[in-house]
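Biologist: Please take a close look at a single part of this model for me, and walk me slowly through its surroundings and then through what lies further along the chain.

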Amino acid sequence: MNHDASPTAPSRRARRTVLLCLTALGTASAPFVVRGPLMMSAPRCLAGRWHGCLDTFNGVVLVTLVTLPLAALAAWALARRRRAAGVAAAWRMSLAEVGMVHGTMPFLWMTMMPGAGAGIVPGRVSLVPLRDLVTMGPLGIAGNLLVFASLGFFAPMRFRAVTSVPRVLALGAGCSVLVETAQYVLRLDRVSSVDDVLVNAAGAVLAALASRRWWRAPADAPAERPRPAPAAAG
């Protein structure tokens, strides 16, 4: 008898339950922790005003938290459609797609916010590694680590082409280079720093390592291939 196969389904259910509980706990605790700064931008966001809402970090975080139910609904709709089509791993694919978008776009928005001298101050570049880490501070380093964390966490779960740490590192670094280049070209009054690229890529790798158990042993069959229909009894 095969004693290794029996605990597979319960262990998977236990992992999913733990993951859902942690997600719910994190979602519930996030507004509590940042309730003070968020409430300062809530009136302007509710009034649909640009200034004081989407042009501030607090406003973007508030909008991100408020739209979490919409993101969950989008993941559910995608998963239901895929399951109806017989696609394997429908839930994982749908959660990964929605998670990449919903978790990355707010940080990109905050990164591309123009400064006070946007369009006036010429672009600035810092190409000396590790020089800007001191001026970033703990909050700046934590923010840069989170810019592409969702991309690094979910991309290997969705795309088999990036199911390795070096590829996730290259993906995070490449996306960060594009962001830093856009900051310089658009003259957003921000410093395009090589340290930002290093920290952003490190955040993507750390997030990929956190989700490694879900992508390091991908299925042999392609994820988009529909499940074969059962043969009719005859």
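**A close look at Thr111**

Modeller: Leaving aside residues up to four places away in sequence, Thr111 touches Val147, Val179, Gln183 and Arg190, and please keep in mind throughout that this is a predicted model. Thr111 itself belongs to helix α6, which covers residues 90-111. Its relative accessibility is 16%, and since the cut-off for a buried residue is under 20%, Thr111 counts as buried. A polar atom of the Thr111 side chain also lies 2.7 Å from the backbone oxygen of Phe107.

Helix α6 has a part in the surface as well. Leu70, Leu73, Trp76, Trp91 and Leu95 make a nonpolar surface patch of about 530 Å², and the elements that give two or more residues to this patch are α5 (68-84) and α6. The largest share, three residues, comes from α5, the helix in which Leu73 is found.

At the start of α10, a side-chain oxygen of Ser193 comes within 3.0 Å of the backbone nitrogen of Asp195. Asp195 is one of the buried residues of α10, which also include Val197, Asn200, Gly203 and Ala208. Among the elements that cover the buried residues of this helix are α7 (133-147), α8 (149-158), α9 (165-186) and β2 (191-193).

Notes: Residues are numbered from 1 along each chain as its sequence is written. This is a predicted model: local features need pLDDT of at least 70, side-chain atom pairs count only at pLDDT 80 or more; totals for chains, interfaces and linings use all residues. Side-chain values use heavy atoms; hydrogens and water are left out. Helices (H or I, at least four residues) and strands (E, at least two) are DSSP runs, numbered from the N terminus. Buried means under 20% relative accessible area, exposed over 50%, partly exposed in between (1.4 Å probe, protein chains only). A polar contact is a pair of N or O atoms within 3.5 Å; within protein, one must be able to donate a hydrogen and the other to accept it, and residues adjacent in sequence count only if both atoms are side-chain atoms. Contact means heavy atoms within 4.5 Å. Patches are made of residues with over 30% relative accessible area and no salt bridge: like charges are joined within 9 Å, nonpolar side chains (Val, Leu, Ile, Met, Phe, Trp, Tyr) within 5 Å. Accessible areas come from the Shrake-Rupley method with a 1.4 Å probe; for residues, only the protein chains shown count as cover. A salt bridge is a side-chain nitrogen of Lys or Arg within 4 Å of a carboxyl oxygen of Asp or Glu.
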